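Me: I would like to learn how to read disulfides in a model. Can we work through one?

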Amino acid sequence: FPVSGSTYTITNVNSGKVLDAVNCGTGNGVVVDQWASLGNTCQKWKFASAANNSFTITNVNSGKVLDAVNCGLADGTKVDLWSSLGNLCQQWQVVPDGNGSYEILPQNSGMTLDDTNCSTANGTAQDLWQWLNNTCQEWKITS
């Protein structure tokens with residue numbers, strides 16, 4: 001289970017690709033996609049304790065936090081990086097799935113971080129979706 005203050009790589013179980021800030025962008029609105037591991041800071045994430053047993057998840061390269069775009073509540077809501085606003089769209093529950101991996105859910109919706117269309121391609125933007133009980137929504141969190 002993630003420890004507050006520690007840095008991790010977040011890997012999708014289905015694709016084997018890691019959560020990545022597109023082009024190592026550092027501004028608000030940078031898309032979060034998946035990419036083969038390069039071991040760089042654009043693919044590293046720092047977890048910090050937030051309210052209600054959740055975390056903020058900050059990209060090490062940009063210092064921006066993982067964010068549900070416009071606090072969306074619909075399937076397909078994209079995930080980006082944004083300056084910390086301290087809202088529920090930027091606070092994430094990390095729930096063990098019993099298989100050594102995790103679901104990652106924003107506090108505002110209960111949707112789960114999802115590898116869009118179960119893609120295995122580099123550059124696939126990640127989104128939020130209702131729980132479908134598949135490996136496209138399961139994530140390994142490794143230090």
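Me: Which residue does a disulfide join to Cys118?

Reply: A disulfide is a covalent bond between the sulfur atoms of two cysteines. In this predicted model, Cys118 is joined to Cys136, with an S to S distance of 1.8 Å. The pair links distant parts of the chain, 18 residues apart: Cys118 lies in the loop between strand 10 (112–114) and strand 11 (127–129), and Cys136 in the loop between strand 11 and strand 12 (139–142).

Me: What is the handedness of the link between Cys118 and Cys136?

Reply: The link is right-handed, with 115 degrees about the S-S bond.

Me: Is Cys136 buried or exposed?

Reply: The cut-off for buried is under 20% relative accessible area. Cys136 has 2%, so the residue is buried.

Me: Where do Cys24 and Cys42 sit?

Reply: A disulfide joins Cys24 to Cys42, S to S 1.8 Å. Cys24 is in the loop between strand 2 (18–21) and strand 3 (30–35), while Cys42 is in the loop between strand 3 and strand 4 (45–50). Cys24 is partly exposed at 33% relative accessibility, and Cys42 is buried at 2%.

Me: Why is the disulfide of Cys71 and Cys89 called right-handed?

Reply: Because the torsion about its S-S bond is about 115 degrees. Cys71 is in the loop between strand 6 (65–68) and strand 7 (77–82), and Cys89 in the loop between strand 7 and strand 8 (92–96).

Note on methods
Residues numbered from 1 in each chain as written. Predicted model: local features only at pLDDT ≥ 70, side-chain atom pairs only at ≥ 80, totals over all residues. Heavy atoms only, no water. Disulfide = S-S within 2.5 Å. Helix = DSSP H or I, 4+ residues; strand = E, 2+ residues; numbered from the N terminus. Buried < 20%, exposed > 50% of the residue type's maximum accessible area, 1.4 Å probe, protein only.
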